[in-house]
Amino acid sequence: MDRFVLKEAKVSDVPVIRTIAQKAFPTTFGSILSPEQLDWMLDWMYSESVLTADISSGNQQFYVSYLNGEPCGYISITPPSHGGHKEDNPNASAADLEVIQSSELPIYKLNKIYLSPDVKGKGLGRRLWEEAVAIIKEMEQGPCRMILQVNRDNDACAFYEHLGMTVIAKEDFVLEHGYEMNDYVMAYDID
């Protein structure tokens with residue numbers, strides 16, 4: 001039987017996260033984004049300096065998953081803001097801020113949930129998602145909401161809907177170099 005373990009990431013885990021991202025990102029977005037945009041986004045979100053800053057600042061809490069001792073995936077979670085203001089959420093999009101400001105529940109953002117392509121189809125995506133929910137339950141210990149942004153053309157949209165998430169907003173925005181993002185904001189209420 002396969003052994004699945006999830007561990008909170010430290011700065012020393014940055015190379016592991018980067019290695020998984022460099023495998024998972026092209027597989028996930030290769031048919032959606034241009035090679036140039038893929039490269040730019042990998043650097044924008046997964047450079048050593050960005051990941052180090054995210055982990056050491058506590059802006060995102062990263063967890064690395066291992067299957068039989070080998071790293072195979074990761075998640076990152078941003079805890080709720082205090083008031084939903086842009087200065088409290090430097091990475092929040094306009095749609096996220098609207099959701100945060102209009103919610104009566106504390107909002108946790110599942111920023112990242114990725115698996116190495118060689119372990120897909122083993123139920124580990126569901127397991128990572130369930131682990132994210134369990135971590136949030138432990139942090140909040142009361143009703144809250146988990147949100148995530150996902151590209152509308154990403155096959156994962158159906159996966160998240162199957163897990164009970166619902167689309168609560170659409171967002172289109174332009175990044176540097178004119179790269180467009182066309183996302184859903186999806187939500188899941190946690191009791």
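The model is a predicted one, in which local features need pLDDT of at least 70, side-chain atom pairs count only at pLDDT 80 or more, and totals for chains, interfaces and linings use all residues. Residues are numbered from 1 along each chain as its sequence is written, and side-chain values use heavy atoms, with hydrogens and water left out.

Let us start with two helices. Helices here are DSSP runs of H or I with at least four residues, strands are runs of E with at least two, and both are numbered from the N terminus. Helix α1 (residues 14–29) packs against helix α3 (residues 48–57) at an angle of about 125°, and their axes are 10 Å apart. Those axes are lines fitted to C-alpha atoms over the stretch in contact, with angles running from 0 to 180 degrees between N-to-C directions. The two helices, α1 and α3, are therefore oblique to each other; angles under 35 degrees count as roughly parallel, over 145 as roughly antiparallel, 65 to 115 as roughly perpendicular and the rest as oblique. On the α1 side, Val-14, Ile-17 and Arg-18 make the contact, while α3 brings Glu-48, Leu-51, Thr-52 and Ile-55. Contact means heavy atoms within 4.5 Å.

Now for the rings. The whole structure holds 10 aromatic pairs, where rings of Phe, Tyr and Trp (its six-membered ring) pair if their centres lie within 6.5 Å, and planes under 30 degrees apart count as stacked, over 60 as edge-to-face and the rest as tilted. Phe-25 and Tyr-114 have ring centres 5.7 Å apart and planes at 50°, so this pair is tilted. Phe-25 sits in helix α1 and Tyr-114 in strand β4 (residues 107–115), 89 residues apart. Phe-25 is buried at a relative accessible area of 1%, and Tyr-114 is buried at 15%; buried means under 20% relative accessible area, exposed over 50%, and partly exposed in between (1.4 Å probe, protein chains only).

Tyr-46 and Tyr-74 make an edge-to-face pair, 5.9 Å centre to centre with 70° between the planes. Tyr-46 lies in helix α2 (residues 35–46) and Tyr-74 in strand β3 (residues 70–78), so the pair ties together parts 28 residues apart in sequence. Tyr-46 is buried at 2%, and Tyr-74 is buried at 0%.

Gln-37 counts as buried at 6% relative accessibility. Leaving aside neighbours within four places in sequence, Gln-37 is in contact with Tyr-179, Glu-180 and Met-181.
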